[in-house]
Amino acid sequence: MITAGERQSPAPRSSPRRPWSGFVRYAVRRVLILPAQLLFVLLVLYVAIEVPSTFAHNAPESGAGYLLGFAQSVVNDFTGNWGQADILSFHLPWTVVYAYYIPTSVQLALFALPIAAAIAYPVSLLAGWSRRPAYDAPARLLTLLGALLPVFVVGTLVLNAVFFSYLGWFQDLPSQGLIPSSSWFLDRGGYPSWILYDAVTRPTGFPLIDALLHHAWQVAAISLTKTLIQASVVAIAYVAIFFRHARSIVRSESGQGHIVGARSRGVAERTLLWRHAARTAAPSFLLVFALTIPEYLVVQFAVEAAFVDQAGFGYLTFAEVTQGSLAPLEPLVFLLALLVLSWTLVVDLLARAIDPRELNAR
Amino acid sequence: MSREPTPPDQGEPGAPSRPGLRERWGRRPPGVGFWVGSALLAVYLAAALSALFVFRTSPSALPRNLAWVPPYAPLGPSLNHPFGVLPGFGVDLFQALWQATPWDLALVAGILAIDAGMGCLLGAVAGFNEGGLLDGIITFVGDSFAVIPAFLFVVIVFAGLTAVAAGSVGLPLFVVVFGLILWPTTARTVRERARAVAHQPFVEAARASGASPGRILLRHILPNSLGPVLAQLPIDIAPIFFVLAAFPWYYNCQAPGGPPASPLGGGSYLVPSLPPFSPLPSASFPEWGYLLGFGTCEGVSQPGSFDYWWMYVFPLLAIVVFGIAVGLVCDGLERWRVGDR
């Protein structure tokens, strides 16, 4: 309780405490840098795609011409003026095509990322913490193996081994994508009206949700099964990528002063790991999670291509690239860059917000 | 001239003389894994050197034997063909992988050299210059590069260059492009370590004793920031073979508009073809990733069947065993460096 005497002598005002000012300043700087990074990516794309094509047509432009062309491409990218798609069965604007394809990939990611995180978090913590070669060495070897096995090979083998036997229960052969195969539908009188050409579903575009909305329980069960199997393949490969980074983080955490101090006071190893190290390593884990998202996308794209997810973004990407068409790549990479940079920004801020060191400083 | 303090990794501070390489090697042997990895790498190196001699007449083209091409039944592993036959190519798989070894070793060595060289140098400069202009530029460029998935970046750059060169731009450029794509991850990890090292007492002492920034960087920061690179290099092998294998696999097997995919034994077969923007100079080029991509496509052509397992298992083993060998050597070097056994 404050006494009258204390009230008469106010506290010195030399260091006013503004708890969130450092965080806000950091957040503003990060938000401001995002458009600059996006512009840089677009510049790299422009230099790699547009400039060589002018040389190929023997019509190199002046510096001002290139500058104007770059400005126009930036405006086009940001306004969604991405041109007309002429790929697979589509003759539509690219924005519409992408809108068709994104939900299926999001459905897969929503299953794959939690599965990967549920495996990667405890495995990385335990392997990084344990100094016993009996645990650490096999874990390192297995994850290196996981990283070296191309995911499309794993996906193809899983598809061949698991799908063709397991999904036989659903009479769903051959097995493709996140909805039952065309033969499955044809055996039951054809496709329902809510499934469009190239396996795009309506109204949401998420196959599982749309099946549930239309009370197509068997379709939903098959979609869920297929999603889980694909998500597991994605998770296997992604855990290997995540583990290498995360293990070294836990290694360095285990040597921190507060951990060593707690250990010397007799705190149990289990408590040290799950209550102290896990907490302080969480922000770094989140950052690794954000920084490895481009690698995650590659993994998911390859799995989508291996499992022939016809309505998936990865399938579309592989189809575009192998058809040799360059035009769709620029908006595609722009979208990916936007996604990755935004994701990195959110995770970066989240990591900083939950960092115990930052919280203590506030 | 004042004597600079010695960093911890290079001997105890104040010690009369720094232990030599041989002495340190004897004091902290790198472990069994290192020797196993080294032995495996020696086998690969021997295979590469012998391949240069054996296939010297035509090192970059797989010799095709039409007697092994379907409709003849695919030949599995036997005494005559230890790894079996890849029917679409019409080649003995053992011979094809052997012939590919020098190309792949050179490819990986070149890419990792650029990756590690640029990553270490730029990462160390950024970490040492934390908060400065150089740090800002390197971090900004690295972070911006890192958002583009490697396989798309390779395709984009190759597509552009193919348009200018009006033909294949080849493996040397692939090495440079891939090295440039991989450096940001390495630089980021080195930067984090360099930041920590830059605040160590021995660096402060070196600075106080009048050592120039360049000397501090090269003598103290860089050698003590190399740990993360040794962990990163084996992982960086994976995307190289992924890119080399994934596109031939997809193009030959899955792509709408790609070459027709016909099952084996059905009287027709896959003719090896390269996707657009491929770094390989020809469709008969010996390369592990290409053989893996094509073998996966051809070997898993029968639903639910693993009858043609050798077509993808042996190329896969060539890549995985090589990656594990590099991983074991790097882990051993890291343990030896920090004395953590």
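In which hand does α7(B) pass α8(B), right-handed or left-handed? I opened my notebook with that one, and I found a right-handed crossing of α8(B) by α7(B). A reminder to myself before going on: this is a predicted model.

**Entry 1: α7(B) and α8(B)**

I looked up the geometry of this pair next. Helix α7 of chain B covers residues 201–208 and helix α8 of chain B covers residues 213–221; their axes cross at roughly 150 degrees and come within 11 Å. Angles over 145 degrees count as roughly antiparallel, and α7(B) and α8(B) are therefore roughly antiparallel to each other. I then listed who meets whom. From α7(B) come Phe202(B), Val203(B), Ala206(B) and Arg207(B), and they meet Ile216(B), His220(B) and Ile221(B) in α8(B). By class I noted five nonpolar residues, one polar and one charged in this contact.

**Entry 2: α2(B) and α3(B)**

Helix α2 (residues 32–54) and helix α3 (residues 93–128) of chain B have axes 8 Å apart and pack at an angle of about 110 degrees. The range for roughly perpendicular is 65 to 115 degrees, so α2(B) and α3(B) are roughly perpendicular to each other. On the α2(B) side I wrote down Tyr44(B), Ala47(B), Ala48(B), Ala51(B) and Leu52(B); on the α3(B) side, Trp98(B), Gln99(B), Thr101(B), Pro102(B) and Leu105(B). The contact of α2(B) with α3(B) has eight nonpolar residues, two polar and no charged.

**Entry 3: chain B as a whole**

Reading from the N terminus, the order of elements is α-α-β-β-α-α-α-α-α-α-α-α-α. Of the 341 residues in chain B, 49% are buried. Among contacts in chain B with a separation of 6 or more, 76% join residues 24 or more positions apart.

**Entry 4: a length check on α4(B)**

How far apart are the end C-alpha atoms of helix α4 of chain B? I get 20 Å, and this agrees with the 20 Å that its 14 residues (133–146) should span at 1.5 Å a residue. I also looked up which residues of α4(B) are buried: Ile138(B), Thr139(B), Gly142(B), Ser144(B), Phe145(B) and Ala146(B).

**Entry 5: where chain B touches chain A**

I was curious about how the two chains meet. I find 52 residues of chain B in contact with 45 residues of chain A. On the chain B side, the elements giving two or more residues are α4, α5 (150–165), α9 (227–253), α10 (288–299) and α11 (310–338). The largest share comes from α9(B), with 14 residues. Sorted by class, the side of chain B that touches chain A holds 42 nonpolar, nine polar and one charged residues.

**Entry 6: chain A**

Buried residues are 40% of its 362 residues. For contacts in chain A with a separation of 6 or more, the share from residues 24 or more positions apart is 71%.

Is helix α10 of chain A buried or in the open? Helix α10(A) spans residues 257–264, and the number buried among its eight residues is zero, so this helix lies largely in the open. Just after α10(A), I noted that Gly266(A) takes a positive phi of about 90 degrees.

How values were computed. Residues are numbered from 1 along each chain as its sequence is written. Chains are lettered from A and ligands numbered from 1 in the order in which they are written. This is a predicted model: local features need pLDDT of at least 70, side-chain atom pairs count only at pLDDT 80 or more; totals for chains, interfaces and linings use all residues. A residue is buried if 20 or more other C-beta atoms lie within 10 Å of its own, exposed if 12 or fewer, and partly exposed in between; C-beta atoms are placed from the backbone. Two residues are in contact if their C-beta atoms, placed from the backbone, lie within 7 Å. Helices (H or I, at least four residues) and strands (E, at least two) are DSSP runs, numbered from the N terminus. The expected span of a helix is 1.5 Å times one less than its number of residues. Ala, Val, Leu, Ile, Met, Phe, Trp, Tyr, Cys and Pro count as nonpolar, Asp, Glu, Lys and Arg as charged, and the others, Gly among them, as polar. Axes are lines fitted to C-alpha atoms, for helices over the stretch in contact, and angles run from 0 to 180 degrees between N-to-C directions. Angles under 35 degrees count as roughly parallel, over 145 as roughly antiparallel, 65 to 115 as roughly perpendicular and the rest as oblique. A crossing is left-handed if the near helix is turned anticlockwise from the far one by less than a right angle, and right-handed if clockwise.
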